[in-house]
Amino acid sequence: MRIALLADIHGNLEALEACLAHAAARGAGRLVFLGDLVGYGADPEAVTARVRALDAVTLRGNHDEAALHGPVGFSTLAAEAMRWTQGRLDAADKQYLAGLPYTHEEEDRLYTHADGSDPGDWRYVTDAREARRSLEATTARLTFCGHTHVPALFGLTATEKLLHHRPMDDLMLPLLQPRRWLGVIGAVGQPRDGNPAACYGLFDTARAECGWMRVPYDIEGAARKIRAAGLPEALAARLFEGR
């Protein structure tokens with residue numbers, strides 16, 4: 001089976017729809033959402049409704065939690081967008097977000113939004129030290145997370161050496177034993193690695209391979225909605241920059 005891994009949609013309906021279509025065309029039979037359905041983008045209610053209608057594993061991200069309790073520790077830009085987002089979500093949307101778990105485990109895999117050592121503390125995995133902390137805190141052979149908006153792959157060898165890889169776009173990489181692996185899936189709705197194309201992961205369970213797929217989408221349309229909503233211009237501009 002091929003599993004599509006989608007993280008950090010952030011209210012970007014155009015990017016979500018493009019990734020769902022791309023994943024379906026490549027044979028994805030299952031969907032896993034790694035958190036942050038909302039925040040930043042102009043379609044929090046539409047994205048939430050779209051995901052709710054799918055037969056998918058869906059996890060809670062820090063922006064989903066902030067939609068329930070308010071932004072804490074957010075940047076000024078993120079906090080302004082979140083307060084706007086809170087006003088757009090109805091009681092049913094918030095009840096759905098409140099019911100999302102922090103993690104999901106199946107077979108040899110752990111899915112989470114942030115690192116696996118303390119999923120509700122929203123720790124980032126950006127380097128080898130943080131990846132080791134996450135891997136050593138769990139027994140899962142494979143961990144998939146989001147949160148950083150930057151694709152990355154870390155491998156822990158049998159001799160406890162931690163390797164850091166920058167995945168190439170659209171290339172399936174083997175995640176073979178005896179190594180344990182942590183894949184950081186880039187963002188669907190707000191990439192920050194300099195590439196504005198939406199990013200999602202595609203994991204093949206039979207081959208134990210994972211690829212980081214890049215998908216062009218209607219950035220102009222998503223940005224136009226942000227401006228029409230009266231959200232900060234910076235939120236629209238960064239979509240074109242992938243930053």
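# Close-up views of a predicted model

**View 1. The largest pocket of the model and its lining.** The structure shown here is a predicted model. A total of 15 residues line the largest pocket, and those nearest its centre are Tyr40, Asn62, His63, Tyr124 and His147. Sorted by class, this lining consists of 7 polar, 6 nonpolar and 2 charged residues.

View 2. Rolling a probe the size of a water molecule over the atoms shows where empty space is left. The structure holds 1 cavity of 30 Å³ or more. The largest cavity contains about 80 Å³ of space. Its lining is made up of 15 residues, and His10, Asn12, Gly41, Ile226 and Leu239 are the closest to the cavity centre. Two or more lining residues are given by each of helix H7 (219-228) and helix H8 (233-241). Helix H7 provides the largest share of this lining, with 3 residues. By class, the lining of the largest cavity has 6 nonpolar, 6 polar and 3 charged residues.

**View 3. The open sheet and the pairing of strands S1 and S2.** Strands of a sheet pair through backbone hydrogen bonds, either parallel or antiparallel. In this model, 6 strands form an open sheet with mixed pairing, in the order S3-S2-S1-S11-S12-S9. Strand S3 (57-58) and strand S9 (172-174) are the edge strands, each of which pairs on one side only. Strand S1 (residues 2-6) runs parallel to its partner strand S2 (residues 28-33), and the two are joined over 5 bridges. Within this pairing, Arg2 stands opposite Ala28 of S2.

View 4. Strand S11 (residues 198-204) is mostly covered, with 7 of its 7 residues buried. In a regular strand the side chains alternate between the two faces of the sheet. From S11, Ala198, Tyr200, Leu202 and Asp204 point one way, whereas Cys199, Gly201 and Phe203 point the other way, and all are buried. Strand S11 pairs with S1 in the antiparallel sense over 4 bridges. Leu5 has Gly201 of S11 as its bridge partner. The pairing of S11 with strand S12 (residues 209-215) is also antiparallel and extends over 7 bridges. Here Cys199 stands opposite Arg214 of S12. The hairpin of S11 and S12 has 4 residues between the strands, and in this hairpin Ala208 takes a positive phi near 55°.

**View 5. The salt bridge between Glu17 and Arg50.** Side chains of opposite charge can pair when their charged atoms come close. The side chains of Glu17 and Arg50 form a salt bridge with an N to O distance of 2.8 Å. This pair links distant parts of the chain, 33 residues apart: Glu17 belongs to helix H1 (residues 13-25) and Arg50 to helix H2 (residues 44-52). Glu17 counts as partly exposed because its relative accessibility is 30%. Arg50 is likewise partly exposed, at 29% relative accessibility.

View 6. Another salt bridge connects Arg132 with Glu136, the closest N and O atoms being 3.5 Å apart. Both residues of this pair, Arg132 and Glu136, lie in helix H6 (residues 128-136), 4 residues apart, which is about one turn of the helix. Arg132 is partly exposed at 25% relative accessibility, and Glu136 is partly exposed with a relative accessible area of 48%. Elsewhere, salt bridges that share partners join Arg30, Glu106, Glu107, Asp108, Arg109 and Arg141 into one network.

View 7. The largest nonpolar core comprises 43 residues, and Leu6, Leu16, Phe33, Leu37, Tyr200 and Tyr217 have the most contacts inside it. Helix H1 supplies the largest share of this core, 7 residues.

Methods: Residues are numbered from 1 along each chain as its sequence is written. This is a predicted model: local features need pLDDT of at least 70, side-chain atom pairs count only at pLDDT 80 or more; totals for chains, interfaces and linings use all residues. Side-chain values use heavy atoms; hydrogens and water are left out. On a 1 Å grid over the protein atoms alone, a cavity is a set of points where a 1.4 Å probe fits but cannot get out, and a pocket is an open set with protein on both sides within 12 Å along at least five of seven lines; lining residues have an atom within 4 Å of a point. Grid points are joined across faces, edges and corners, and a volume is the space filled by probe spheres set on the points. Ala, Val, Leu, Ile, Met, Phe, Trp, Tyr, Cys and Pro count as nonpolar, Asp, Glu, Lys and Arg as charged, and the others, Gly among them, as polar. Two strands pair if DSSP finds at least two bridges between them. A salt bridge is a side-chain nitrogen of Lys or Arg within 4 Å of a carboxyl oxygen of Asp or Glu. Buried means under 20% relative accessible area, exposed over 50%, partly exposed in between (1.4 Å probe, protein chains only). A nonpolar core is a set of buried Ala, Val, Leu, Ile, Met, Phe, Trp, Tyr and Cys residues joined through side-chain atoms within 4.5 Å.
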